[in-house]
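Please keep the model open as you go through the points.

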Amino acid sequence: MAILDDISEAVQHGKRKDVKKLVQQAIDEGVDAAEILDKGLLAAMDVIGPKFRDGEIFVPEVLVAARALNTGSELLKPLLAAEGSEPLGTAVIGTVKDDMHDIGKNLVRMMVEGKGIEINDLGVDVETETFVNYVKENNPDLLLLSALLTTTMPHLKDVIDALKDAGLRDQVTIMVGGAPVTQEYADEIGADAYTPDAGSCAMKAAELLKAKKN
């Protein structure tokens, strides 16, 4: 459908006003809200993600695309709720204790959200207990932990160990990332997945949730 392709193109180029106009037009023409989301808005992020991963585009382009997507999704939220559409899954993200970096985390959050995953952001310098309490009270499908310094990396392990001690480890899938983090370190601390960048994180998160549903 041409209008869905137009929505995808507008999102990819970060044209928020065009996205808003086109999404409203599609709604007015009676296009199903879930179809607008999947084949218009989210389809754009399926293009943006690999381009970012491969170095064809950079953080500013991803940020404007994600914001354009959010502009369109705001129009769809009440319609999706009325249709009973459910998100692909739920996630929570945060940068660990003593680490104030948030640009990478924010990028991951927006790209994960762009996959149709409902995500809550706990912010930066998040205490281990805060992660544990969130998992206990909200039972998210995914826990995304970020550490951008070698000195804060051990807090990734602290969170995983604290979840084990609380008897909550098996109820959440844990993904880790950040500049100094490696696959080897993720394996060592018992994380379920490691990804090197925001685009691959979003794709892996969607893959894990689809596998969970099946």
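1. The lining of the second largest pocket divides into 12 nonpolar, five polar and two charged residues. Here Ala, Val, Leu, Ile, Met, Phe, Trp, Tyr, Cys and Pro count as nonpolar, Asp, Glu, Lys and Arg as charged, and the others, Gly among them, as polar.

2. This is a predicted model, where local features need pLDDT of at least 70 and side-chain atom pairs pLDDT 80 or more, while totals for chains, interfaces and linings use all residues. Residues are numbered from 1 along each chain as its sequence is written, and side-chain values use heavy atoms, without hydrogens and water.

3. The second largest pocket has 19 lining residues, with G104, V108, S146, G177 and G178 nearest its centre. A pocket is an open set of points on a 1 Å grid over the protein atoms alone, where a 1.4 Å probe fits, with protein on both sides within 12 Å along at least five of seven lines; lining residues have an atom within 4 Å of a point. α5 gives the most to this lining, with four residues.

4. In the largest pocket, 26 residues form the lining, and L37, P87, E113, G116 and I117 lie nearest the centre. By class, this lining has 11 nonpolar, five polar and 10 charged residues. Helix α4 gives the most, with seven residues; helices (H or I, at least four residues) are DSSP runs, numbered from the N terminus.

5. T71 also sits in α4 (residues 59–83). Its side chain makes a polar contact of 3.4 Å with that of R16, meaning a pair of N or O atoms within 3.5 Å, one able to donate a hydrogen and the other to accept it; residues adjacent in sequence count only if both atoms are side-chain atoms.

Note on methods
Helices (H or I, at least four residues) and strands (E, at least two) are DSSP runs, numbered from the N terminus.
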